[in-house]
Amino acid sequence: MSRRAAYNRPSASQQTTEHNVLETNHNSFSPPIRIVASRRRRRTVAARLRSGVLELLVPEWMPRAERERWAEEMRQRLERRMERARPSDDKLAARARALNDRHFGGRLRWTSIAFAEISHLWGSCTFTTGAIRIASRAAPLPDWVVDYLVVHELAHLEHSDHGPAFHELENRYPLTERARGYLMAIDHGAAKA
Ligand SMILES: [Zn+2]
């Protein structure tokens, strides 16, 4: 990959700002990168995404080539993190199969499972058609919480209500209580905001 970079001369101020324009590649995550050199920073490099700009905080002594290498490294790390957080229906389907095997002896059958833009619920299961939807906003939550949401909707394939038989199924997932608490805290926070 070719790179074009423009650098300011080091200034006497505490912090200098440099702009590093990476070649645009539409297939990958390539935000504008701002390199901030600091005298106070001694050894470590840090990166943060601010308003769509990847800010790289580096020690002032760090040579240009090394700064560029870190910029690329941090860009890739962020790309991987975003990739993991991206809602993936394939991954969701694979987890539903694994959870079905582990907690329900593989006996449950559904017609589709996918992330969907649902704002008022965390998930839904259409009892008659066997279609399961999980709210897209749940995708960045920890895996064990998303697993609970999937188990909950899987259990609805057998019981459309929230009666004792439903809870017996749902509680086969050992982190059910914790996940419910986790989601309640989020719902509560959203209600207050
Ligand atoms: Zn339910």
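Helices (H or I, at least four residues) and strands (E, at least two) are DSSP runs, numbered from the N terminus. With that in hand, the protein chain reads β-β-β-β-β-α-α-β-β-β-α-α-α along the sequence, giving five helices and eight strands. Keep in mind that this is a predicted model: local features need pLDDT of at least 70, side-chain atom pairs count only at pLDDT 80 or more, and totals for chains, interfaces and linings use all residues. Residues are numbered from 1 along each chain as its sequence is written.

- The mean pLDDT (the predictor's confidence in each residue, from 0 to 100) is 84 for the protein chain, and 83% of its residues reach 70 or more.

**The β6-β8-β7 sheet**

- Three strands make an open sheet in the order β6-β8-β7, with mixed pairing; strands pair if DSSP finds at least two bridges between them.
- Its edge strands are β6 and β7 (123-126), each pairing on one side only.
- From one strand to the next, the twist averages 15 degrees. For angles, axes are lines fitted to C-alpha atoms, for helices over the stretch in contact, and values run from 0 to 180 degrees between N-to-C directions.
- β7 and β8 pair in the antiparallel sense over four bridges, and T126 stands opposite A131 in β8.
- Helix α2 packs on the sheet and touches β6 and β8, its direction making about 135 degrees with that of β6.
- Helix α3 packs on the sheet too, touching β7 and β8, at about 20 degrees to the direction of β7.

**Around β5**

- Strand β5 (residues 53-59) pairs in the parallel sense with β3 (residues 33-38) over six bridges, and I35 has L56 as its bridge partner in β5.
- β5 also pairs with β4 (residues 46-50), in the antiparallel sense over five bridges; there, A47 stands opposite L56.
- β4 and β5 form a hairpin with two residues between them, and S51 in the turn has a positive phi of about 50 degrees.

- Of the 193 residues, 20% count as buried, that is, with 20 or more other C-beta atoms within 10 Å of their own; exposed means 12 or fewer, partly exposed is in between, and C-beta atoms are placed from the backbone.

**A closer look at A114**

- A114 lies in strand β6 (residues 112-116), and is partly exposed because 15 other C-beta atoms lie within 10 Å.
- Leaving aside neighbours within four places in sequence, A114 is in contact with D89, L92 and R133.
- A114 and R133 are 19 residues apart along the chain, with their C-alpha atoms separated by 5.1 Å.

Terms used: Contact = placed C-beta atoms within 7 Å.
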